[in-house]
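Here is a friendly walk through the fold, meant to be read with the structure open beside you.

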Amino acid sequence: FIMGTGPKPQEENASSQKIPAGLSPTPLVGMIMGSDSDLPVMQVGANILKKFGVPFEVKIVSAHRTPHRMTNYATEAASRGIKAIIAGAGGAAHLPGMVAAMTSVPVIGVPVKGSTLDGVDSLHSIVQMPRGIPVATVAINNSTNAALLAIRILGAFMPEYQAKLDEYHHSMEAEVLAKTERLEK
Ligand code: RP5
């Protein structure tokens with residue numbers, strides 16, 4: 001993937017990272033995004049999937065620039081064995097909702113912050129799905145939580161992922177407790 005060149009919002013530490021190697025030909029999680037300019041935000045979540053050992057793929061799928069590709073992706077996802085789709089998009093961010101309309105695989109939307117409106121446009125576009133077609137929406141630019149939610153979905157029927165999440169939560173707790181201990185000294 002080639003990173004977008006324009007000034008784009010980036011999560012902390014995202015700019016120096018790349019989509020991790022080892023993308024799977026038989027993914028359980030599909031990560032899609034509307035543009036390569038979304039990559040700096042989305043690769044943070046991709047790194048979480050990699051860290052948890054989740055087989056995943058990453059693809060640029062645009063609802064408005066590549067609508068046929070989007071349709072194919074959504075309609076084939078279930079038969080390809082994909083159990084959760086993470087879809088990041090900015091602006092009039094219809095990608096997650098459109099994909100969710102064409103598959104019963106759970107879709108997690110990541111509102112990507114663009115250069116205007118602070119990402120609220122993306123957030124509202126994704127979170128305000130009319131009844132009948134749900135999209136689980138995470139906070140603006142929070143591909144980390146999208147990845148963790150996808151892992152929770154896998155954990156519902158693959159206990160090894162639940163165990164890994166428990167471990168993750170314990171290490172997060174230990175980290176916070178260690179920090180507060182240092183402060184209190
Ligand atoms: C959306 O439009 C993408 O998800 C991206 O966030 C936004 C801008 O795309 P580019 O013009 O940077 O390609 O489709």
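β1 and β3 are joined by five bridges in the parallel sense, and I32 has A87 in β3 as its bridge partner. β3 and β4 also run parallel, with six bridges between them; here A89 is found opposite P111 in β4. Strand β4 (residues 107-112) is then linked to β5 by two bridges, again with the strands parallel, and G109 sits opposite T137 in β5.

## Strand β3

How many residues of β3 are buried? Seven of the seven are, so the strand is largely enclosed by the rest of the structure. If you look along β3, A84, I86, G88 and G90 point one way, while I85, A87 and A89 point the other way, and all of them are buried.

## Helices on the sheet

## Where α1 meets α5

Two packed helices are described by the angle between their axes and the distance between the axes. For helix α1 (residues 39-51) and helix α5 (residues 143-155), the angle is about 35° and the axes are 7 Å apart. The crossing of α1 past α5 is right-handed.

Which residues make this contact? From α1 come V41, M42, V44, G45, I48 and L49, and they meet S143, T144, A146, A147 and L148 of α5. Sorted by class, the contact of α1 with α5 has eight nonpolar residues, three polar ones and no charged ones.

## Residues to look up

Is S125 buried or exposed? S125, which belongs to helix α4, is buried, because 22 other C-beta atoms lie within 10 Å and the cut-off for buried is 20 or more. Beyond its neighbours within four places in sequence, S125 is in contact with A92, A93 and H94. S125 and G91 are 34 residues apart in sequence, yet 7.8 Å apart in space, C-alpha to C-alpha.

Most residues other than glycine have a negative phi. In the loop between β4 and α4 you will find L117, whose phi is near 65°, a positive value in a residue other than glycine. L117 is partly exposed, with 13 other C-beta atoms within 10 Å. D118 is in the loop between β4 and α4 too; its phi is near 60°, also positive in a residue other than glycine. With 12 C-beta neighbours inside 10 Å, D118 counts as exposed.

## How confident is the model?

The chain has a mean pLDDT of 91, and 88% of its residues reach 70 or more. For the complex, the predictor gives an ipTM of 0.97 and a pTM of 0.89.

Over residues 1-15, pLDDT stays under 50, and the model has 29 contacts beyond four places in sequence for this stretch. Where pLDDT is low, the predicted coordinates should not be read in detail.

Technical notes: Residues are numbered from 1 along each chain as its sequence is written. This is a predicted model: local features need pLDDT of at least 70, side-chain atom pairs count only at pLDDT 80 or more; totals for chains, interfaces and linings use all residues. Axes are lines fitted to C-alpha atoms, for helices over the stretch in contact, and angles run from 0 to 180 degrees between N-to-C directions. Helices (H or I, at least four residues) and strands (E, at least two) are DSSP runs, numbered from the N terminus. A crossing is left-handed if the near helix is turned anticlockwise from the far one by less than a right angle, and right-handed if clockwise. Two residues are in contact if their C-beta atoms, placed from the backbone, lie within 7 Å. Ala, Val, Leu, Ile, Met, Phe, Trp, Tyr, Cys and Pro count as nonpolar, Asp, Glu, Lys and Arg as charged, and the others, Gly among them, as polar. pLDDT is the predictor's confidence in each residue, from 0 to 100. Two strands pair if DSSP finds at least two bridges between them.
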